[in-house]
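Me: I have a structure to go through and I'd like to ask about it piece by piece. Here it is.

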Amino acid sequence: MEKQTVKAKVKDFEIIDPTQPFKDDRLDRKECAEILTGIVETFVGGAVIALNGAWGTGKTTFLKM
């Protein structure tokens, strides 16, 4: 079987109003972001956090928000 390559262009997510980054969030990620922010704010030193998910599941968008 011959390999086939599929190229896809995905439009970057833009936050129009920085005071309301979750305004157009269709996946209701605001609560998760608030919980994660609360955890990160307790760190005294550095830390490494991994967001694990398949391609296209919204990891980058979540971080931008």
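Me: Where is alanine 8 found?

Reply: Alanine 8 is in the segment before α1. Helices (H or I, at least four residues) and strands (E, at least two) are DSSP runs, numbered from the N terminus. This is a predicted model, where local features need pLDDT of at least 70 and side-chain atom pairs count only at pLDDT 80 or more, while totals for chains, interfaces and linings use all residues. Residues are numbered from 1 along each chain as its sequence is written, and side-chain values use heavy atoms, with hydrogens and water left out.

Me: Is alanine 8 buried or exposed?

Reply: Alanine 8 counts as exposed, at 57% relative accessibility. Buried means under 20% relative accessible area, exposed over 50%, and partly exposed in between (1.4 Å probe, protein chains only).

Me: How many residues apart in sequence are alanine 8 and tryptophan 55, and how far in space?

Reply: They are 47 residues apart in sequence, and 12 Å apart in space from C-alpha to C-alpha.

Me: And lysine 3 and aspartate 24?

Reply: Lysine 3 and aspartate 24 are 21 residues apart in sequence, with 38 Å between their C-alpha atoms. Lysine 3 also lies in the segment before α1, and it is exposed, with a relative accessible area of 81%.

Me: Change of topic. How many helices and strands does the protein have?

Reply: The protein has two helices and zero strands. Its radius of gyration is 16 Å, well over the 11 Å that the globule rule gives for 65 residues, so the protein is more spread out than a compact globule. That radius is taken over C-alpha atoms, and the globule rule is 2.2 Å times the number of residues to the power 0.38.

Me: What box do the C-alpha atoms fill?

Reply: Roughly 50 × 30 × 15 Å, taken along the principal axes. Of the 65 residues, 12% count as buried.

Me: Which residues meet in a salt bridge?

Reply: The side chains of aspartate 25 and arginine 29 do, at 2.9 Å from N to O. A salt bridge is a side-chain nitrogen of Lys or Arg within 4 Å of a carboxyl oxygen of Asp or Glu. A search of the whole structure finds one. Both aspartate 25 and arginine 29 are buried.

Me: What about aspartate 28, what is its phi?

Reply: Aspartate 28 has a positive phi of about 50°, although it is not a glycine. Most residues other than glycine have a negative phi. Aspartate 28 sits in the segment before α1 and is exposed, with a relative accessible area of 64%.

Me: Which residues make the nonpolar surface patch?

Reply: Ile35, Ile39, Val40, Phe43, Ile49, Leu51 and Leu63 make it, over about 610 Å². Patches are made of residues with over 30% relative accessible area and no salt bridge; like charges are joined within 9 Å, and nonpolar side chains (Val, Leu, Ile, Met, Phe, Trp, Tyr) within 5 Å. Accessible areas come from the Shrake-Rupley method with a 1.4 Å probe; for residues, only the protein chains shown count as cover.

Me: Which helix gives the most to the patch?

Reply: Helix α1 (residues 30–41), with three residues. Isoleucine 49 is in the loop between α1 and α2 (59–64), and it counts as partly exposed at 44% relative accessibility.

Me: Last one. Where does lysine 30 lie?

Reply: Lysine 30 lies in helix α1. It is partly exposed, with a relative accessible area of 45%.
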